[in-house]
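Colleague: Please pick one part of this model and go through it closely. Then link it to the rest of the chain, step by step.

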Amino acid sequence: MRCGVKFAQATFPWSSLVAAFVFLLGGLDSRAAAPVAGQVVRFTVFGLRPPGDVAFTPKAGAAPQKLRFYPTARSPRYEYRGTMPLRFVDPETNAVIAEVTVPPGAAEVLLVFAPAAEKGSGARRSQVTVVEDSFARHPAGTLTILNLSGLTLAGTVNDRAVTPEAGLNAPVPASRSAAVRLTTTARGRVVPSYVGTAALGRDERALLVLFPPFNPGSAEAQARLLVDKPASTATAPARKR
């Protein structure tokens with residue numbers, strides 16, 4: 001019995017067909033094995049009380065790199081290439097000290113470390129605040145307040161009234177000097193919380209980081225002033241305050 005459907009004879013050589021099939025399989029294998037690029041993040045670190053030795057892995061297959069904390073300035077700039085979260089570990093035990101997820105698109109960040117006690121655990125742990133730190137976000141000639149104090153604050157920067165909210169606030173024009181006076185309310189009275197002046201050189205900017213009071217119940221925020229300038233114009237490390 002003959003079938004009414006005719007199959008056209010293949011004119012494609014079998015050797016070429018086999019080669020094409022192998023090529024296709026090879027392409028699939030290479031795509032499956034290709035590593036995920038992840039994010040590229042450049043960052044600096046700072047901590048009121050640094051958590052001791054801390055390391056991270058800059059990219060897959062690289063050796064761990066220790067962080068260097070400065071007491072009154074941003075650290076040197078580091079670069080991470082990979083997927084989130086970015087993990088920081090104890091270089092001796094490899095125990096995780098902190099994990100950070102940097103939002104996509106935030107290529108320049110400052111990571112502010114603070115102690116984070118965990119009940120029932122003696123391991124060192126840190127809470128990390130991610131600060132978008134590009135000069136587009138925080139330009140030269142301005143002062144920005146990062147309020148981590150937990151206090152409700154109000155006051156002035158030079159002659160401009162400010163009410164710093166929790167977290168990162170908008171930059172305030174400062175030119176070459178910014179006199180900062182902040183108050184809070186304690187036991188029904190308005191009391192000073194921070195008073196200081198930021199002196200800025202050419203192309204410099206200032207970040208005022210306010211931490212919780214050292215003594216519980218106190219109204220005085222612990223403060224650190226970080227002054228730096230764009231890397232393209234810097235001829236020396238950021239000034240320490």
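Modeller: Strands here are DSSP runs of E with at least two residues, helices are runs of H or I with at least four, and both are numbered from the N terminus. Two strands pair if DSSP finds at least two bridges between them. This is a predicted model, where local features need pLDDT of at least 70 and side-chain atom pairs count only at pLDDT 80 or more, while totals for chains, interfaces and linings use all residues. Residues are numbered from 1 along each chain as its sequence is written, and side-chain values use heavy atoms, with hydrogens and water left out.

Strand 5 covers residues 86-89, and strand 6 covers residues 96-100. The two strands run antiparallel, and four bridges join them. Follow two of those partners across. R87 has E99 as its bridge partner in strand 6. F88 has A98. In a regular strand, side chains alternate between the two faces of the sheet.

Is D90 buried or exposed? D90 counts as buried because its relative accessibility is 16%, and buried means under 20% relative accessible area, with exposed over 50% and partly exposed in between (1.4 Å probe, protein chains only). What does D90 touch? Contact means heavy atoms within 4.5 Å. Setting aside neighbours within four places in sequence, D90 is in contact with D53, A95, I97 and R124.

P85 sits in the loop between strand 4 (78-82) and strand 5. The peptide bond from M84 to P85 is cis, with omega near 5 degrees.

M84 leads us to another residue, V41. V41 belongs to strand 1. Beyond its neighbours within four places in sequence, V41 is in contact with Y78, E79, Y80, M84, V102, A106, A107 and V109. V41 counts as buried, because its relative accessibility is 1%. P104 shows how the chain folds back: V41 and P104 are 63 residues apart in sequence, and 9.1 Å apart from C-alpha to C-alpha.

Rolling a probe the size of a water molecule over the atoms shows where empty space is left. On a 1 Å grid over the protein atoms alone, a cavity is a set of points where a 1.4 Å probe fits but cannot get out; a pocket is an open set with protein on both sides within 12 Å along at least five of seven lines; lining residues have an atom within 4 Å of a point. Points are joined across faces, edges and corners, and a volume is the space filled by probe spheres set on them.

The structure holds one cavity of 30 Å³ or more. The largest cavity has a volume of about 40 Å³. F43, T44, R74, R77, E108, V109 and D133 line the largest cavity. Strand 1 (39-47) and strand 7 each give two or more residues to that lining. The lining has two nonpolar, one polar and four charged residues. Here Ala, Val, Leu, Ile, Met, Phe, Trp, Tyr, Cys and Pro count as nonpolar, Asp, Glu, Lys and Arg as charged, and the others, Gly among them, as polar.

Strand 7 turns up again at an open site. The second largest pocket has a volume of about 250 Å³. Of its 14 lining residues, the closest to the centre are A114, P115, L148, F211 and P212. Strand 7 (108-115) and strand 8 (126-132) each give two or more residues to this lining. Strand 7 gives the most, with four. Ten of the lining residues are nonpolar, three are polar and one is charged.

Positive phi values turn up in other loops too. N158, in the loop between strand 10 (154-157) and strand 11 (160-162), has phi near 55 degrees. S175, in the loop between strand 13 (172-173) and strand 14 (177-186), has a positive phi of about 55 degrees although it is not a glycine. N158 is partly exposed, with a relative accessible area of 35%, whereas S175 is exposed, at 56%.

Last, the whole protein. The secondary structure comes to one helix and 17 strands. Of the 241 residues, 37% count as buried.
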